[in-house]
Amino acid sequence: MTCYLMIIVDNNVVTIALPQIQSSLHMSATGLSWVLSSYTLTFGGLLLLGGRAGDVFGRRRVFVTGVVLFTVSSLLGGLATTAWWLLAARAVQGLGAALASPGAMALLMTNFKEGPARNRALAVYSTLAGLGMAIGMILGGLLTEWTSWRWVLFINVPFGAVVAVLTPIYIADPERHRGRIDIIGALTGTAAIAALVYGFIRASEVGWGDALTLTAFAAAVVLLAVFLLVQRRVPHPTVPLQLFADRNRAAGYATVLLAMACLFGVLFFISQFLQNILGYSALQAGLAFLPMAVGMFGMSRFTPRLLPRVGALRLILIGLAVVAGGAGWLSQLDEHTAYAPGLLVPMLMLGVGIGTFLMPLTALILGGVAPRDSGAAAGTMQTMQQVGGSLGLAILVTVYGTTLRLGGAQTPSLIAHAMGNAFIAATVSVVLALVLVAIVIRPNRPRA
């Protein structure tokens, strides 16, 4: 739980510091998205490898290795003097998180039996997302305003060191499972997503007809085809395809991917709108996200009580509908939008919506998974979160960057209009998730 909280806090701390990072390292508006994407790409792309590595080599050992990598790379990232240095450190951070995060989820799944006990544990786990967002945003504002953006990375070092030291003392290592690591599958899958994200971001800067843009998209298609072919043929695939045999689980994975595209965009663009358009300080911007975090935290605590009465499917539909409403509200953004109600209400809606659908969706995805595949199942779910965020952010940045490129001089009015267009794309993503759930997912029948 502590590791998961550290990872959640880190991503949100960095989000608040983005305007200061852009100024310090002289990054473009669209290039700035790589500060998040370089982390989420390796995190999401290698989560599957991390989950399977934990199953084979021991979840505790792989977990500690990931925490150490995350901690060291945080230190190096805080010392960065160039954009490439920072992006490389963020990529290694993602690798560390990919090794540590599935182990945290798998240890939770193997220590709680399916049913009320596991639901309560998942509720606490989901609650940490809201708590981590609140802590991350406020801490990011404090550190950035009172010290430097570098401390949003340095802060991970003491926490990571404590987790790495205490884990072997207090956490028992579950039984290992024989098998091999599908390195080719993990690398081709990660490279495919990276090429796709690069293609979108480059298209926003130079246009869709650029040769390198088209090459990136073509490479993504080829690498994805190779990844799927490898998964079908290797004896121990990174992604066990039987995980997708269940229609509810397969639709759940797709829903996570589509929903996270919206959330990452909100964090990325609203942080910059608050500081660059409304003139908020870093601390004020961090506090401005508090209603969203409180909404997510509160509903994550309340949802387990509703689950037996309302049912998972209805909660997922209600939560996604509220998120779609909040994203649609944000699509009306302009330079005259005030924090209240123009940002306050939709961010509160987003927090409540995410807190409503995330826990039942997680329980639906991970329910009924064999213990030997628990690491891969958890890794696949978190992969969809990170990959969905990466791809979604790339698409939203493409919409944003294209609007700026075609609009001429980058006035506050044009920047706000470009952000509004990006939120239209975010709304479409959530609506697609809502339709998918309504059509595909069926309520689980009660067990005899």
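**Figure 1. The salt bridge between D210 and R202 in the predicted model.** In this predicted model, the search for salt bridges comes to a count of one. Its partners are D210 and R202, whose closest N and O atoms lie 2.6 Å apart. The criterion asks for a side-chain nitrogen of Lys or Arg within 4 Å of a carboxyl oxygen of Asp or Glu.

**Figure 2. The protein chain as a whole.** The secondary structure of the protein chain consists of 17 helices and zero strands, and of its 448 residues 58% count as buried. Among the contacts in the protein chain with a separation of 6 or more, 82% are accounted for by residues 24 or more positions apart. The accessible surface of the chain comes to about 17900 Å², and 68% of this area belongs to carbon and sulfur atoms.

**Figure 3. The largest nonpolar core and the surroundings of F357.** The largest nonpolar core holds 93 residues, and the members that touch the most other members are I21, V35, F269, I270, F289, L343 and F357. Helix 11, which spans residues 247-277, supplies the largest share of this core with 15 residues. Apart from this core lies another one of 11 residues, including I7, F43, L46 and F70. For F357, once residues up to four places away in sequence are set aside, the residues touched are A259, M260, L315, I316, G319, L320 and V323.

Figure 4. A433 counts as buried because its relative accessibility is 0%. Not counting residues up to four places away in sequence, A433 touches T255, L258 and L320. A433 and V256 are 177 residues apart in sequence, whereas their C-alpha atoms are 8.0 Å apart in space.

Figure 5. A search of the whole structure finds 10 aromatic pairs. One of them joins W208 and F217 in a stacked arrangement, with 5.8 Å from centre to centre and 10 degrees between the planes. The two partners fall into separate accessibility classes: W208 is partly exposed because its relative accessible area is 44%, while F217 counts as buried because its relative accessibility is 17%. Another pair, formed by Y280 and Y339, is tilted, with 6.3 Å from centre to centre and 50 degrees between the planes. This pair links distant parts of the chain, 59 residues apart, with Y280 in the loop between helix 11 and helix 12 (282-288) and Y339 in helix 15 (residues 339-366). Y280 counts as partly exposed because its relative accessibility is 25%, whereas Y339 is buried because its relative accessible area is 17%. Elsewhere in the set of rings, F268, F269, Y400 and F423 are linked into a cluster by ring pairs.

Figure 6. V68, V72, L75, L76, L79 and W85 form a nonpolar patch on the surface, and together they have about 500 Å² of accessible area. Helix 4, made up of residues 59-78, gives the most to this patch, with four residues. V68 is found in helix 4, and V68 counts as partly exposed because its relative accessibility is 41%. T71 is found in helix 4 as well, but T71 counts as buried because its relative accessibility is 11%. Leaving aside neighbours within four places in sequence, T71 is in contact with N156, V157, G160 and A161.

Figure 7. Most residues other than glycine have a negative phi, and most peptide bonds are trans. A cis peptide bond joins A340 and P341, with an omega of about 5 degrees, and P341 is found in helix 15. H26, although not a glycine, has a positive phi of about 55 degrees. H26 is placed in the loop between helix 2 (18-25) and helix 3 (34-57), and H26 counts as exposed because its relative accessible area is 71%, the cut-off for this class being over 50%.

Notes:
Residues are numbered from 1 along each chain as its sequence is written. This is a predicted model: local features need pLDDT of at least 70, side-chain atom pairs count only at pLDDT 80 or more; totals for chains, interfaces and linings use all residues. Side-chain values use heavy atoms; hydrogens and water are left out. Patches are made of residues with over 30% relative accessible area and no salt bridge: like charges are joined within 9 Å, nonpolar side chains (Val, Leu, Ile, Met, Phe, Trp, Tyr) within 5 Å. Accessible areas come from the Shrake-Rupley method with a 1.4 Å probe; for residues, only the protein chains shown count as cover. Helices (H or I, at least four residues) and strands (E, at least two) are DSSP runs, numbered from the N terminus. Buried means under 20% relative accessible area, exposed over 50%, partly exposed in between (1.4 Å probe, protein chains only). A nonpolar core is a set of buried Ala, Val, Leu, Ile, Met, Phe, Trp, Tyr and Cys residues joined through side-chain atoms within 4.5 Å. Contact means heavy atoms within 4.5 Å. Rings of Phe, Tyr and Trp (its six-membered ring) pair if their centres lie within 6.5 Å; planes under 30 degrees apart count as stacked, over 60 as edge-to-face and the rest as tilted.
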